[in-house]
Amino acid sequence: MSVLSNRVHATQGGFTLVEVLVVTAVITILLMIALPFYQDFRTRARVASELPLIGDAKQNVSEIFLVNGSFPTSNADALLPDKIHYSGDWVESVEISDQPTDGSIIITYDNTKLPMLGIKNTLIFYPTATTTGGIIWAC
């Protein structure tokens with residue numbers, strides 16, 4: 001009996017090297033596919049997390065347009081602090097500009113904190129007045 005029981009234990013080993021390599025290869029391929037999607041999701045979440053910074057700017061630009069009939073072209077015209085005042089975790093500055101149209105709000109993201117944005121590190125919101133006196137913001 002002891003010889004038979006030794007044979008049973010000898011045949012029970014575990015995973016073969018080929019099985020381990022196949023599993024490792026499958027996991028590696030899945031990670032190669034999933035990682036870029038995750039990084040893109042993280043970047044989008046960081047960019048979107050800073051959008052509440054422009055709430056005051058949008059409100060001031062809208063109010064000045066309703067009072068004066070024209071959009072402001074700078075932070076001073078919009079009665080807002082300097083553009084650096086609005087820096088956040090990922091944002092370098094928020095600025096009122098006349099480019100591409102008067103009253104545009106330009107958010108510049110910090111390239112050192114979000115290097116994956118590269119030269120596309122700005123987000124521009126521009127206002128358009130409606131015939132009913134409202135303002136539509138586009139990006």
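The expected span of a helix is taken here as 1.5 Å times one less than its number of residues, with helices (H or I, at least four residues) and strands (E, at least two) read as DSSP runs and numbered from the N terminus. The model is a predicted one, so local features need pLDDT of at least 70 and side-chain atom pairs count only at pLDDT 80 or more, while totals for chains, interfaces and linings use all residues. Residues are numbered from 1 along each chain as its sequence is written, and side-chain values use heavy atoms, with hydrogens and water left out.

Helix 2 covers residues 17-49. Its 33 residues should span 48 Å at 1.5 Å a residue, and the end C-alpha atoms sit 46 Å apart, which agrees. There is a bend along the way, though: helix 2 has a kink of about 30° at alanine 34, shortly before proline 36. The bend at a residue is the angle between axes fitted to the seven residues ending there and the seven starting there.

Further along helix 2, arginine 44 and aspartate 40 lie 4 residues apart, about one turn. They form a salt bridge, with the closest N and O atoms 3.1 Å apart; the rule asks for a side-chain nitrogen of Lys or Arg within 4 Å of a carboxyl oxygen of Asp or Glu. The count by this rule comes to 2 salt bridges.

Pairing of two strands requires at least two DSSP bridges between them.

Strand 1 and strand 2 (residues 104-109) run antiparallel and are joined by 6 bridges; isoleucine 96 has isoleucine 105 in strand 2 as its bridge partner. The loop between these two strands holds proline 100, and a cis peptide bond, with omega about 0°, links glutamine 99 to proline 100.

At the other end of the strand order, strand 3 (residues 122-129) pairs with strand 4 (residues 135-138) over 4 bridges, again in the antiparallel sense. Here tyrosine 126 stands opposite alanine 138 of strand 4. The hairpin has 5 residues between its strands, and glycine 133 adopts a positive phi near 95° in it. Leucine 79 has a positive phi as well, near 60°, in a residue other than glycine; leucine 79 belongs to the loop between helix 3 (55-68) and strand 1.
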